[in-house]
Amino acid sequence: MLHRRFFVFVVVAMAMAVMGCGGGGGGFFDQLTTTGTTSGSNGSTNGGSGLELTYITDWTEGNQTPTGLSQRIRVLDLTGGVLAERVTATASAVQTVTFTNVPQGAYIVRSELFSGPTATGTVTGVLETQLQGQMRIETSVGAALTGLRVTPTAVSLNIGQTRHFSVAGLSDGKLTFLAPGSVTWSESGGAITTNQEGNVTAVAAGNANLIATHTSGRTDSTAVTVTEVDTNRTKWTVLVFLNAANDLFPFAAPDMNEMERVAGNPQVRFVVQWKQVRGVGGNTNPSFSGTRRYLVKPDNTSALRSEVVQEMGVDTDMGRPETLNEFIRWGKANYPAERYCVIVWNHGNGWHRGVDAQPVVKGISYDDHTGNAIHTWQLPLAVQGQHVDIFSFDACLMQMIEVQAELRTAADFIVASEENTPGYGYPYHLIFAPWVQNPGASTRDLTKSMVDGHVGYDQYQNDVITQSSVESSRVTAVMTAVDQLAGALIANRASLTTIVPQIRTQSMKYAFRGDGRYYYDLWDIANRLQNADTAQEIKTAAQAVKGAVQGAVIWNGFTPLSTGSHGIAIDFSPRTAFQNYATDYSLTQMAKETRWDEWLAIAPE
């Protein structure tokens with residue numbers, strides 16, 4: 001089973017193999033035919049369930065047969081990302097290009113007419129249109145211009161939302177080419193602004209017209225309705241930072257579906273920033289390529305019905321703490337609520353980056369498009385000035401004291417897993433059902449549903465699953481107790497050369513033994529130190545750690561395979577392993593405020 005963390009060495013290949021077994025459909029393929037004669041294809045269908053887009057060119061319109069020309073046809077997503085491309089040469093008759101296995105959704109089809117073969121020479125004409133449902137385009141070369149067509153039509157935008165519009169020439173019902181720079185864009189009504197690339201921004205509530213004007217005087221327009229974002233203050237806004245620009249992409253849409261299933265109460269709004277990129281993480285056939293912000297809408301079908309409220313483009317870096325901070329700020333400003341829950345959806349690696357891991361892992365939110373991720377010690381920057389009620393990780397291994405130390409002043413409660421999390425992640429329809437039923441319940445009690453819903457999911461009962469809720473105000477007490485334990489261990493190090501390795505072998509470890517990570521249940525470690533033949537000051541300090549953990553963990557859950565989990569993990573590395581990442585650990589609050597790093601630097605093998 002693929003988990004929400006990166007493995008090392010051989011395990012990386014195994015995880016990718018598992019992903020390959022369950023990957024989505026293939027990418028675009030196209031086929032060129034002229035007057036019914038197939039001239040070959042640069043791909044073949046793979047049995048995917050996508051649609052078929054047919055692009056027809058009549059090269060003989062206008063009582064002419066042009067020679068030596070070519071056109072480059074591109075299928076783009078709404079952010080301008082190229083999904084498919086084909087270059088065709090002049091034909092003496094009607095020519096058809098068929099793109100197969102096209103996923104459902106809205107697309108831009110842009111064709112450029114070149115003065116030379118194989119997309120060489122100068123661009124003499126441009127044709128651009130947008131499709132939603134219609135999967136057939138008929139075009140002509142050299143036909144007389146009789147009008148313009150602007151797409152899309154009758155669009156509704158929220159204030160602050162942007163949208164690209166397209167224009168093509170018309171000739172007797174077919175689309176035709178326009179000379180570059182021959183169209184100007186303008187607007188009326190005051191609700192929108194536009195630039196000369198057809199990019200529109202909604203600036204005020206009201207009705208507006210977007211107008212395209214050709215140098216011949218021909219025009220076309222489309223109506224744009226601008227509405228204010230629903231800024232009514234609700235009980236809850238759940239902000240999901242869904243970074244699927246990696247090999248977890250197959251699980252993004254199902255999780256969105258689960259949110260839609262449970263989004264029926266307007267007092268609990270789900271707002272999602274979702275990134276996925278064509279070609280990243282093996283994603284050959286995305287429903288879109290780039291980053292979008294969604295307001296989740298209720299729906300019980302397998303389709304996604306949520307509203308796209310902002311297109312952010314492909315270059316948004318979900319691996320930067322500033323990006324997460326800006327999403328939280330934007331979400332709170334546009335969807336105000338009495339309380340906020342932030343969920344980071346992605347791979348997790350506990351507190352540190354593994355020196356020997358490939359790819360190098362850094363903590364949380366791996367954006368494989370940019371190569372960046374958020375280090376644990378960068379979490380304070382990610383939440384700076386944006387206090388929330390619950391901060392949660394739909395990711396592996398993040399419920400560690402090293403992580404909690406970074407977030408303890410930014411959230412009232414931290415909900416996460418000590419153990420690996422399966423690729424499917426949170427069952428959102430289960431963990432949020434109690435919220436929808438009773439959004440006025442206490443935050444403390446609602447975090448219990450996040451624990452119970454995850455651990456109680458039928459699909460997870462034969463896996464190692466943990467989830468806990470930690471009250472952030474009590475994390476400092478745990479850190480203080482750990483500091484005292486570190487001091488006692490350091491003072492009695494000579495007597496621990498046999499005991500500590502035994503405890504490391506016997507204690508509840510997370511992820512896999514031998515994976516280069518030494519993450520153990522903190523309470524279990526302390527309990528074994530207390531019961532072993534150790535100095536009294538170690539026993540006393542260990543007892544204090546157990547009490548502090550029990551005070552901080554308000555809800556704890558685990559499946560039978562994870563018995564021995566108490567809600568907070570800690571790094572319990574031997575000396576030689578810790579030396580590989582001691583510099584990184586020195587950047588954490590645990591190193592700055594406790595002596596735990598000093599203990600790990602001398603811990604017996």
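**Close-up views of a predicted model**

**View 1. Surroundings of Arg339.** Apart from neighbours within four places in sequence, Arg339 is in contact with Lys235, Trp236, Thr237, Asp389, Pro439, Gly440, Ala441, Ser442 and Thr443. The structure shown is a predicted model. Arg339 belongs to strand S24, which comprises residues 337-345.

View 2. Arg339 is buried but forms no salt bridge. The nearest side chain of opposite charge is that of Glu338, at a distance of 5.2 Å, whereas a salt bridge requires a side-chain nitrogen of Lys or Arg within 4 Å of a carboxyl oxygen of Asp or Glu. The side chain of Arg339 does reach the backbone oxygen of Ala441, at 2.8 Å.

**View 3. Ala168 in strand S13.** Strand S13 spans residues 166-171 and includes Ala168. The relative accessible area of Ala168 is 0%, and this residue is therefore classed as buried. With neighbours within four places in sequence set aside, the contacts of Ala168 are Leu127, Glu128, Gly147, Leu148, Arg149, Leu175, Thr176 and Leu178. Between the C-alpha atoms of Ala168 and Asp220 the distance is 10.0 Å, with a separation of 52 residues in sequence.

**View 4. The hairpin of strands S25 and S26.** Strand S25 (residues 363-367) and strand S26 (residues 372-375) run antiparallel and are joined by three bridges. Gly363 stands opposite His375, a residue of S26. Four residues lie between the two strands of this hairpin. In the turn, Gly371 adopts a positive phi of about 85°.

How values were computed
Residues numbered from 1 in each chain as written. Predicted model: local features only at pLDDT ≥ 70, side-chain atom pairs only at ≥ 80, totals over all residues. Heavy atoms only, no water. Buried < 20%, exposed > 50% of the residue type's maximum accessible area, 1.4 Å probe, protein only. Lys, Arg positive; Asp, Glu negative; His and termini not counted. Polar contact = N/O pair within 3.5 Å; in protein donor to acceptor, adjacent residues only side chain to side chain. Contact = heavy atoms within 4.5 Å. Pairing = 2+ DSSP bridges.
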